[in-house]
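Subject: Structure for your review

Dear colleague,

My notes on it follow directly after.

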Amino acid sequence: MKGLWAALRKDLLLQWRTRAQAAAVYAFGASALLLFSFAVGPQASLLREQAAGFLWLGLMLSSTLTLAESFQAEAEQHALEGLLLLPASPRALYYAKALANTTALFLLGTGLLPMMVILYDAATPRVPPLLGIVLLGSAGLSAPGTLYAAMTAQARARQTLLPLLLFPLVVPVLLASVKATSLIIHGDPMGQLGSWTLLLTCFNVIHWSLCGLLFERVVED
Amino acid sequence: MSPQDEVPAIDASGVARRFGRRWAVAGVSLRVRPGTRLMVTGRNGSGKSTLLRVLATASRLDQGEARIAGFDLRTERNAVRRQVALLGHHSYQYEALTARENLEISRRFLGAPADRVEALLSEVGLLARADEPVLVFSAGMRKRLALARALLQDARVLLLDEPYGELDPAGFALLDRVLGEQQRRGVTVLLATHLLDHGRALCDEAIALEEGRVIWSGPARDLPDPGTA
Amino acid sequence: MPRGKLPYYSVALGALLLLWGSTWGLFFAPAETYMGDVQRIMYVHVPTAWNGMLALTIAFFFAVLSLWKGGLDWDARLEGALEVGVVLCTLLCMQGAIWAKPTWGVWWDWDPRLTTTAVLVFAFGGILALRQFVDDPVKRATWSAVAAIIAFADVPIVYFSVRWWNSLHQVQSTPATVSRAFHWPLRINAFGILFLMSGLIAVRARLAALRREDELAPPLPAAVPHGASLAQGVRP
């Protein structure tokens, strides 16, 4: 795919330059986790049991900010149109942006893990599998999220439209990631982790290919 | 090669683009020989910008046909894009990045040689401030950067939409110099502008648009002032 | 868009069949042994389920055709299919709740099929919302088609994920699985809703096409071969 590397450099450079916004998104995510504890109450056992759910809800809510922002820079001076006119391959632009968003969400999710440990007393020694699930979940949110962020950046009422369109689609990501994370934290007596990981992988394969194919139609005029 | 054998730089027939109930470009037909400098003039809202955007493939073609340097606007869009550079109302820049970084991004996509960026920054007079974020640039500086970006593309057809707008006198001179150079290289230039006298002096041919249609075409020096034709 | 009366006949026929089938099922079919009269909702619930999914599948094919062929006619049909599909699926969820309350004591029992349907209502309903916020009809058509294809591709994954998620917790049951069906009212209702659905999609598509006509300027007359040859500077 011609231009993928150039596009990826561009997106990572943009993310680095706007890292202050990433810090703000992290603060949002962390405060969401705090609010969940207030909503549920200070029973340690209940919090610990539901920790995975809170983590992924927090990450999902924060992802709308990250995803919307990823096309902010492209839309304000129509930079994306400029690239398409060079011409640059829309597919390369999509995959680069989706990879950059996956990286951002992965860092965000990883950053929220200590909050989960502290607020909900939900620690686990099995860090590599946990990071693996955070990565798969981030990728699952990014694939359709990048496409819809590109779409809604050009529409009215964009802040409402992105979550409205995205959340129903990523229900499988939420379910699978929460279940898998929970199994890692609390133990997996029946060996179900593999099935949930498989589901996440299938979701990713389907959406990374489908959204890559359809992206061109979303950004053309 | 006789003139009739030359592939026109632009060969448009009935080009039209509507926005809702209004045809912004309502059937424009043009045939432009390579190397021509064509002035496009008309009131605000007459369709100049839309026409340029449609020819650049930035905006879709709702009706009509067009060929740019022999490539079909509907079916060979990428080939058209390789031939055309647009300097329009959108600067196509990333505000958070520096001037140099912005040009580097385009350079990498185009596969142009590494020294082009420095050369262009120097030519447009931005070398001293190349490492500042575009966010702090004035409108004139952004225009210069956008010009550099358009030149980077090394296109055979250059579409300029009111480029003199934000430029200071030095910027004017720069643009005139650039246009002279492009002509020497045989590049076709479409210049949409309100500066009629300047355009008459600079361009070979002219067309006037009104309500999305061509109402006058001919040699640039014969272009009548608005309200007199 | 055709202008004939066929869709209206279809709607009328569908309504009649539905009335016939429902009356039979509600008042004359034998009661189910264990569930009693509550189970009778199945005579409406099962046909709604079949046709709801069918409507969304039809929407998917219209979306593919819209992207492939272009033009706004397929988009008008897509709008019809999306709306009818969302309405049917919403009714499905409501019927499920009406059945669940007397049966399980809760309004929602997280049955995988119904839960998937609820997610679909939000997914496809969201596409209908998207259409309200896009002014350019061509963009609206392209984006709706893209979104519909992605949402439809998601359906099996959503179903499996919800099924696994719920699998350890309770016995799966719906009116259809619990009861033995008395087939005739069911079949009549199925055809009834099918005719209703098809007719409504066609009528709704026409409405969408008319609105599109209103939104857009009519096509320009074909271009006169250009007389403006600039080599001679001739006036057009």
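**Helix packing in chain C**

Helix 2 of chain C and helix 7 of chain C cross in a right-handed sense. The two helices, residues 42-69 and residues 183-215 respectively, pack at an angle of about 35°, and their axes are 9 Å apart. From helix 2 of chain C, the contact draws on Tyr43(C), Val44(C), Val46(C), Pro47(C), Thr48(C), Trp50(C), Asn51(C) and Ala55(C). Helix 7 of chain C contributes Pro185(C), Leu186(C), Asn189(C), Ala190(C), Ile193(C), Leu194(C), Met197(C) and Ile201(C). By class, the residues of this contact comprise 13 nonpolar, three polar and no charged.

Please bear in mind throughout that this is a predicted model.

**Chain C as a whole**

Chain C has seven helices and zero strands, in the order α-α-α-α-α-α-α along the sequence. Of its 236 residues, 47% count as buried. Among the contacts in chain C with a separation of 6 or more, 80% come from residues 24 or more positions apart.

**Confidence**

For the complex, the predictor gives an ipTM of 0.94 and a pTM of 0.92. The average pLDDT of chain C is 86, and 86% of the residues score at least 70. Among the elements of chain C, helix 4 of chain C has the highest mean pLDDT, at 95, whereas helix 6 of chain C (residues 175-178) has the lowest, at 56. In residues 227-236 of chain C the pLDDT is below 50, and this stretch has 23 contacts in the model beyond near neighbours in sequence.

**Where chain C touches chain A**

In this interface, 25 residues of chain C are in contact with 25 residues of chain A. On the side of chain C that touches chain A, helix 4 (112-132) and helix 5 (137-166) of chain C each supply at least two residues. Helix 5 of chain C gives the most, with 16 residues. The residues on this side of chain C divide into 21 nonpolar, three polar and one charged.

**The nonpolar core**

The largest nonpolar core has 212 residues. Those with the most contacts inside this core are Leu86(B), Ala148(B), Leu159(B), Ala59(C) and Ala148(C). Leaving aside neighbours within four places in sequence, Ala148(B) is in contact with Leu103(B), Leu120(B), Leu121(B), Val124(B) and Leu126(B). As general background, nonpolar side chains tend to be buried together in soluble globular proteins.

**Helices 1 and 6 of chain A**

In chain A, the axes of helix 1 (residues 4-17) and helix 6 (residues 90-120) come within 8 Å and cross at roughly 35°. This crossing of helix 1 of chain A and helix 6 of chain A is right-handed. On the helix 1 side, the contact involves Leu4(A), Ala7(A), Leu8(A), Asp11(A), Leu12(A) and Gln15(A). These residues meet Ala92(A), Leu93(A), Tyr95(A), Ala96(A), Lys97(A), Leu99(A), Ala100(A) and Ala104(A) in helix 6 of chain A. The contact has 11 nonpolar, one polar and two charged residues.

Tyr95(A), in helix 6 of chain A, counts as buried because it has 23 C-beta neighbours inside 10 Å. Apart from neighbours within four places in sequence, Tyr95(A) is in contact with Met1(A), Leu4(A) and Gly212(A). Tyr95(A) and His207(A) are 112 residues apart in sequence, with their C-alpha atoms 11 Å apart.

**Backbone details in chains A and B**

The peptide bond that joins Leu86(A) and Pro87(A) is cis, with omega about 5°. Pro87(A) lies in the loop between helix 5 (79-84) and helix 6 of chain A.

Two glutamates of chain B have positive phi values. For Glu162(B), phi is near 45°; this residue is in the loop between strand 7 (157-161) and helix 6 (169-184) of chain B. With 19 other C-beta atoms within 10 Å, Glu162(B) is partly exposed. For Glu211(B), phi is about 55°, and the residue is found in the loop between strand 9 (205-210) and strand 10 of chain B. Glu211(B) is also partly exposed, with 15 other C-beta atoms within 10 Å.

Finally, Pro226(B) lies in the segment after strand 10 (213-219) of chain B. Pro226(B) counts as partly exposed, with 13 C-beta neighbours inside 10 Å. The C-alpha atoms of Pro226(B) and Ile68(B) are separated by 29 Å, and the two residues are 158 residues apart along the chain.

With kind regards

Methods. Residues numbered from 1 in each chain as written. Chains lettered and ligands numbered in written order. Axes fitted to C-alpha atoms, helices over the stretch in contact; angles between N-to-C directions. Helix = DSSP H or I, 4+ residues; strand = E, 2+ residues; numbered from the N terminus. Left-handed = near helix turned anticlockwise from the far one by under 90°. Contact = placed C-beta atoms within 7 Å. Nonpolar A, V, L, I, M, F, W, Y, C, P; charged D, E, K, R; others polar. pLDDT = per-residue confidence, 0-100. Buried ≥ 20, exposed ≤ 12 C-beta atoms within 10 Å, placed from the backbone. Core = buried A, V, L, I, M, F, W, Y, C linked by C-beta atoms within 7 Å.
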